[in-house]
Amino acid sequence: MGKVKGRSGPLAQRPDNSAFKQQRLPAWSPMLTANTVLPFFYLVALLCMFLGVWLLLTVQGTQELKLDYTEAGTCKGCFDMRKNASKAAEPCECRLDFEIKKAFKVIFLNEQQILTFGSTQVASSTQKKRGDVFFYYGLQNFHQNLRRYMDSRDDGQMVGRKNKLMNPSTYCIPFNTDQAGRPIAPCGAVANSIFNDSFTLHYRGQVVPLLRTGIAWYTDKNIKYRNPSNGNMTLAQVFNGTAPPPYWHKPVYQLDPLSPNNNGFINDDLIVWMREAAFPNFKKLYGVLRRAATPFTKGLPAGNYSLNVSYNFPVQYFRGRKEVVLTTLTWFGGQNHFLPVAYLVTSCLILLAAVVLTVVWFKFGKTGRKMQD
Amino acid sequence: MFRKKPPPEEERRVRANDREYNEKFQYASNCIMTSKYNIVTFLPVNLFEQFQEVANTYFLFLLILQLIPQISSLSWFTTIVPLALVLSITAVKDATDDYFRHKSDNQVNNRQSQVLIRGLLQNEKWMNVRVGDIIKLENKQFVAADLLLLSSSEPHGLCYIETAELDGSEETPQFTYRLKVPHHLQKEQDTRHLTAALVCEPPNNKLDRFCGTLYWRDKKYTLTNQNMLLRGCVLRNTETCYGLVIFAGPDTKLMQNSGSTKFKRTSIDRLMNTLVLWIFGFLVCMGVILAVGNAVWEREVGSLFQSYLPWDPSVDNFLFSAFLSFWSYVIILNTVVPISLYVSVEVIRLGHSYFINWDQEMFCSQCNTAAEARTTTLNEELGQVEYIFSDKTGTLTQNIMTFNKCSINGQTYVLRSPFYLQRLDFTPFNPLADPDFCFYDDTLLESVKVGDAHTHKFFRLLSLCHTVMSEEKNGQMELVYKAQSPDEGALVTAARNFGFVFRSRTPGTITTTEMGRPVTYTLLAILDFNNIRKRMSVIVRDPEGRICLYCKGADTVLLERLHPCEQELMNVTSDHLHEYAADGLRTLALAYRDLSEDEWEAWSESYCCADKATSCREDRLAAAYEHIEQDMMLLGATAIEDKLQEGVPETIAVLSLANIKIWVLTGDKQETAVNIGYSCKMLTDDMPEVFIISGNTVHSVRQELRLVCLSAHALEADMETEFVSTACACKAVICCRVTPLQKAQVVELIKKHKKAVTLAIGDGANDVSMIKSAHIGVGISGQEGIQAVLASDYSFSQFRFLQRLLLVHGRWSYLRMCRFLCYFFYKNFAFTMVHFWFGFFCGFSAQTVYDQYFITLYNIVYTSLPVLAMGIFDQDVPDQRSLEYPKLYEPGQLNLLFNKREFFICIAQGIYTSVVLFFVPCAVLSDATQSTGEPLADYQTFAVTTATALVIVVSVQIALDTGFWTVINHVFVWGSLGSYFSIMLALHSQTLFLIFPNQFHFVGRSPLLVVLTDRHID
């Protein structure tokens, strides 16, 4: 061990008298006593209680409607038809009637909340005009979280790298090239399995207007997904030489031919699908109510509605279910009861522990000596 | 390193001055290489050694698994980064160690020595010296190799050496030994053309033994240890000598002795290894459960899901898929046994060792030595010691001997009254007196002055019968004695002060100044001291021509050899001896015998005959000695006091309060031992039943004993269990008359029967076996050389430092290590088990919960430093407090802070944490949406939420576990959290994503941040 040779004399080998070497660094030794711990317990219990109650009230203010349309209404016929693989490409329309008993009232977010929880400034100004009745499609027992499924994509291709467009990553195998050897764009199992049902909602014979854009994460839409570009070439020319994924009915550049900002890789539906869900039961945003015209300015009025489904997505293979979800939101989101309840339960447990500790403290602990006996 | 090893030597044949002959045998050259690597071999050899560690190989195996694409559930770097880190830390440490070894090797190998080559003296580097060469040594030179002494410039072929380096340090007191040129060679002055052949034993590590035969001029001569100059010694008081190299370099006794010592492991180490094995078992179980789950899932669901996700081409059924899934999960879940565990433990122990080295309270200013942790792997065991085995002399006592009492011809001279503390002033009477000597009984001085014959003879004996060397400094006024044992020094000094000054010795004479008159005695024979004889004698012829044998030795041996007419004096002296021993003094009896010329002649012949004997020389010499040491006349007895070290009684009191049992093992006799026991406060007056067991009467002894004082032969009988159970029922145990081997036996016995942690503390070579066999060996660096220190794990210079070593450093080390291990297992279970729960939701597909960068960095960046800081700096109570309340030591002895139960509690807590960490985010997020409507149930949100929660939870846990928040703890805890958030921010940046879209796909920022920082994107 390093001895200091420089010094001499009878104390040459004496270790330094530094606080570090003598283990006397100034330090804070927290002493957990009843006087500090018990108030802390009560405080945390109160805090959790408050959060739980507040969130519960917030959640109570939202409305939600879930419709499982897998085999409901006329969709039963389509469900049976999709069982037959040979008729997979045939279109099938079906209809489902339902009733909204209580109108979906819009809850206006005040300015401050928009700043804090809203999207960007730009988004928040449109936000006001947008309705906050949200239309989701949901899938059950669809595993977007399988390891090989999640790997089966090429982010390089979808961010617009041209070499990747023609040369998809090997992770996409077997969905990287078609039988003719043409590269698939977008490649991989994720893109291939895109949810391709489409919906129209009717109220008293009138189509309920839905905004079908602005439903993806900001960074996904603006950073993560980019169309490859090549001078003045159109999207169709850029994608020339690629093949659509095998299960797709149309190529990627025709997802929304009318709107160039929603076509190709930056199509909102595609982006929403590509953000893989963590659990086998999930819902994804389909559209947002456009509240420009009556009778939808204040949300969805009560009454009878019918849902027209273009039924394409087969779920019977994996014993899945399909549903649509209509919901209103607050700053906290939709009908999410778990968190408020969890807070309340935690609060109760802490309170219980605190009371027990207080009793123990009163009985034995105050002097600190009785425990030793 | 990889040189083919020649078959083991059976005997060594050497011819002097015949290099060609000697080279046939390929004896090792004198170049020593203690270093392990050179620049080229460092990397491969070091890696090879490191991969012999099971843990490292295991991680290499994981790495290979990860390279198989079908299995790889994690990127290769999640394993290779921590592995590389661990390997490189170890490699750097090894490299520094080796660098210093290279340096010292070079220094030693390049020392110069004079070698006879073809009859000419030439300077050669040490490394070029060969076996069979003849080397010339000069005074104060280091001996280059193990040499057979051929000739010496001193008369009678004697030469003197100091064992400086053999003891390991140049600063320790030096002892001088006397060596003899084989007497038949003594007359051969011209060694230059010596043609002798030699056969001897193969290289070994026995310092005190050598046997060989010299063939010279068609005659055989026996060689012993006394003819050997060992490497590492220094030549003293000898102008020149010549030696024949017999063992060189790695074959020398010095190098053979520096071999690897027995590797000691702590009980925590063993527990940790067991637990790690259990965790491996647990890992395999989890893998099997998940693989079965995978099989079921693939059969029930996955096969239906194939249209969306076909199986890999190589996978054709669900069973094979499950098989692959098993290995994938082994990769994912391997973090339950983190690779950083072993390295962290080493780092913490190293830190603790440095704290021991740095402790000023364990620094002795008198001897200028700080405590030293020579082993860095045993620190936490210092907190669990239950038995201390202590040597007495030099450990409890100072080993500074003072001549205290004596009995001359039945008259005892002692300190009469405590009030009469006038120190005797010797200077007017004797200018050569040692000013440091003190004695209080002036009647003795009077009796010397009046010329009492017995008194004179008494001191004459003391001035003649010894092996002390003298050295005169500053002219003649300052006489310095160098003695092999401090007892001898004390006796010779006493004689000196009473007017019988030993001045100098030559091999054939001893010169003294008796009452101011120089006298030279002819030294006829020295009958050496050894442990069996327990006595030494000299036969001298005084200037008048009378021959006399002077003998001093242990009373038990000596009193048997007295002339029968001495019975009365013997009884009186014997009483005195008992009295002295009861005062805790070391006693010796002195006797003489006048020899007639004829007696001497006769004996001399038989002695020469025995000395020249080739077989059983030792026995025959002993018999010859026995023959002459008979019918002696008793002169008296001496009593030497060995003072207790400072603070010994207090230390023993504190240690026994800490429930540590202290056993004193000593070679002294019963009375002395019991007395020391009293003065150390080991025995107190309220222990009425001091039970002394001698012989085999153990059966009568039962629980009511308070103390056992055991005679050595109690050990020899086969009553181990009886002994252990009896001794352990006692409050204090003192074993007396034990040999070094028996000391080790006692330790082994307790280790075997009590399963307790033992500590042995001692200072002399006779304690080495005990120090080596105890769990922890402590060496006192003091008067008796440093063999004990070299064999020890910890060393310091005062016995009283032991309480600080155990109660402060040991207790802290144990506490820290336990807290460290608890937390370490906790945090890795909390981290890893989340994957297990997720398995049930992701079709057992070995999808991880966290992203791969988090998995890579969790153990080496996010959570490593706070727990290291706790493991190194934590304190529950300040050091004074643990010395004031020795009871605080007991949790360590009972092993309460980390055992299998504690381990399961940690694991359970970790699993509970993982349940909360998985299911709460799972339940919250599956229904959650942003206020803009986008659901939050996506994988990225879930992964980041869980990871963040995990880092926060384990940081809060370490904050709760840390009891002593120094600046370093603050920096590490907050720094780890800070590093997590900054790294997360970096990983989510679009910059990284745009460079490597496939590697960093977790792009995403708060929209607000995006607007603020990345506006140019739009």
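How many helices and strands does chain B have? In this predicted model, chain B has 31 helices and 33 strands. Of its 1018 residues, 57% count as buried. Among the contacts in chain B with a separation of 6 or more, 72% are accounted for by residues 24 or more positions apart.

Chain A contains 12 helices and 11 strands. Buried residues make up 48% of the 373 residues in this chain. For contacts in chain A with a separation of 6 or more, residues 24 or more positions apart account for 78%. The accessible surface of chain A comes to about 18600 Å², with 59% belonging to carbon and sulfur atoms.

The size of an interface is often given as the accessible area lost when the parts come together. Between chain A and chain B, the buried area is about 7400 Å², and carbon and sulfur atoms give 59% of this value. The contact takes 81 residues from chain A and 84 residues from chain B. Polar contact joins 18 residue pairs across the two chains, counted where both residues have pLDDT 80 or more. On the side of chain A that touches chain B, at least two residues each are supplied by α3 (111-117), β4 (130-140), α5 (147-151), α6 (155-158), α9 (218-224), β8 (282-290) and α12. The largest share of this side, 5 residues, comes from α9(A). The count of salt bridges between chain A and chain B is 1. In a salt bridge between these chains, the side chains of R275(A) and D938(B) meet at 2.4 Å, N to O.

Helix α12 of chain A also takes part in a nonpolar surface patch. The patch, of about 460 Å², is made by M49(A), V53(A), L57(A), L351(A), V355(A) and V359(A). One of the patch residues, V359(A), is found in helix α12 of chain A. The relative accessible area of V359(A) is 45%, so this residue is classed as partly exposed.

Over all chains, the count comes to 44 salt bridges. In chain A, a network of salt bridges links D68(A), E71(A), K76(A), D80(A) and R321(A).

Several salt bridges of chain B can be described individually. D269(B) pairs with R349(B), and the closest N and O atoms of this salt bridge are 3.3 Å apart. Because D269(B) lies in helix α6 (residues 267-302) and R349(B) in helix α8 (residues 340-358) of chain B, the pair ties together parts that are 80 residues apart in sequence. Both D269(B) and R349(B) are buried.

A salt bridge also forms between R546(B) and D542(B), with a distance of 3.2 Å between the closest N and O atoms. Here the two partners fall into separate accessibility classes: R546(B), at 52% relative accessibility, counts as exposed, whereas D542(B), at 14%, counts as buried.

In the salt bridge of D876(B) with R811(B), the closest N and O atoms are 2.6 Å apart. This pair links distant parts of the chain, 65 residues apart: D876(B) is in the loop between α24 (864-873) and α25 (879-884) of chain B, and R811(B) is in helix α22 (residues 801-839) of chain B. D876(B) has a relative accessible area of 34% and is therefore partly exposed, while R811(B), with 9% relative accessibility, counts as buried.

The surroundings of one strand residue of chain B were also examined. D146(B) has its place in strand β5 (residues 146-152) of chain B. With a relative accessible area of 0%, D146(B) is buried. Leaving aside residues up to four places away in sequence, D146(B) touches M228(B), L229(B), L230(B), R231(B), L244(B), V245(B), I246(B), F247(B), T252(B) and K253(B).

How values were computed
Residues are numbered from 1 along each chain as its sequence is written. Chains are lettered from A and ligands numbered from 1 in the order in which they are written. This is a predicted model: local features need pLDDT of at least 70, side-chain atom pairs count only at pLDDT 80 or more; totals for chains, interfaces and linings use all residues. Side-chain values use heavy atoms; hydrogens and water are left out. Patches are made of residues with over 30% relative accessible area and no salt bridge: like charges are joined within 9 Å, nonpolar side chains (Val, Leu, Ile, Met, Phe, Trp, Tyr) within 5 Å. Accessible areas come from the Shrake-Rupley method with a 1.4 Å probe; for residues, only the protein chains shown count as cover. A salt bridge is a side-chain nitrogen of Lys or Arg within 4 Å of a carboxyl oxygen of Asp or Glu. Helices (H or I, at least four residues) and strands (E, at least two) are DSSP runs, numbered from the N terminus. Buried means under 20% relative accessible area, exposed over 50%, partly exposed in between (1.4 Å probe, protein chains only). Contact means heavy atoms within 4.5 Å. Buried area is the accessible area (1.4 Å probe) that two parts lose on being put together, summed over both. A polar contact is a pair of N or O atoms within 3.5 Å; within protein, one must be able to donate a hydrogen and the other to accept it, and residues adjacent in sequence count only if both atoms are side-chain atoms.
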